[in-house]
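Visitor: Could you walk me through the charged pairs in this model?
Guide: Gladly, let's have a look together.

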Amino acid sequence: MPQEQSPEHVLVTGGSGFIAGHVILQLLDQGHTVRTTIRSLEKESAVRTVLERAGMTRGAALTFVAADLLHDDGWGDAAAGVSVVVHVASPVMPGAVADEQSVIGPALDGTLRVLRAARDAGVRRVVLTSAFHAVGFGHGRPDRVFTEADWSPLDGPGVDAYGRSKILAERAAWDFVAAEGGSMELITLTPVAVVGPVMGNGVSGANHIVQNILTGTMRAYPDLAIPVVDVRDVAAAHVAAVTVPEARGQRFIVGTGEPAVRLARIGAVLRAHLGGAASRVSTRRVPSVLIRIRALWDPAAKGVAADLGYVKRVSNERLRTVLGVEPRPAEEAIVAAGESMVAAGLVGPR
């Protein structure tokens, strides 16, 4: 088990984001000092309010700096004087997009921009948020458990622009640190689909799936299964990666270790636990043949068709043994996501 470490001065990029917000909360709870980036300091008050309502302690230990992944300005100031950078900020746009570079550019160029600033500032360690898209997509349907040794092929079945952005950015990070990083350490985290308690009025990541099911927007379920993990466990993995010495130079899948959860099962879990708030949750299913036919001309359906009927299995052994994180069960994460959306008024009245 990892040993308790001394507090660090940590930079977290993208402080207004879903995962970053939870990371900031846990870093502050554990006594670290945090600086975070936002694209405009005009947003500082709003971000602080969201974090305070989510239970932020030690708000005086949190400071803000303006920096944008698309520009060099501000990154030198952001990295100055910190010992660890947690780089979370990146566009999240799964599915078909009109311009792939609008996703890939900020992810790839932004990651290299952050790494250069960190190296130049003498940062000891960078923790990079990648995604399971860089691990377990595009392989077809292998009958095995995915581990950190796996890399998704750029043009495999079901790999979209978001997946390519994560593959390219993470590979570029490893290459940069090996060639130009000096003594700076790199750790990458590849979370599976992230659900869990929302912050403010924003719905991000796989929480959109839960929201669409609760609102009835998803009228019927394709035979699709997704591996999910609670955002609080994703944040705990980031916080552990800040200090655990044995984590240096390693890649971590962040998941529950359970098989992927079918969308119909997510609906059933929400109906079982949320009562009247789940009154619009569908019980219908879409025949896979219809999706495969639609995939002949619809890029969005093509991405879904690649994984129809396939239940991915994902190892979290390294997460548990090196970082000491024992994730919540998938069902608990799904229920927490739904309950938080109901409480925030994001899915209508009960």
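Guide: First, how to read it: this is a predicted model, where local features need pLDDT of at least 70, side-chain atom pairs count only at pLDDT 80 or more, and totals for chains, interfaces and linings use all residues. Residues are numbered from 1 along each chain as its sequence is written, and side-chain values use heavy atoms, with hydrogens and water left out.

Visitor: Is Arg248 buried, partly exposed or exposed?
Guide: The classes rest on relative accessible area with a 1.4 Å probe and protein chains only: buried is under 20%, exposed is over 50%, and partly exposed is in between. Arg248 has 45% relative accessibility, so Arg248 counts as partly exposed.

Visitor: With which residue does Glu185 form a salt bridge?
Guide: A salt bridge needs a side-chain nitrogen of Lys or Arg within 4 Å of a carboxyl oxygen of Asp or Glu. Glu185 is buried, at 18% relative accessible area. Its closest N and O atoms in the pair are 3.3 Å apart, and the partner is Arg248.

Visitor: Which residue pairs with Arg251 in a salt bridge?
Guide: Both side chains of this pair belong to buried residues. The N to O distance is 2.7 Å, and the partner of Arg251 is Glu170.

Visitor: Which side chain of opposite charge is nearest to Asp160?
Guide: Lys and Arg count as positive, Asp and Glu as negative, while His and the chain ends are not counted. Asp160 is buried yet has no salt bridge. At 6.5 Å away, the nearest side chain of opposite charge is Arg164.
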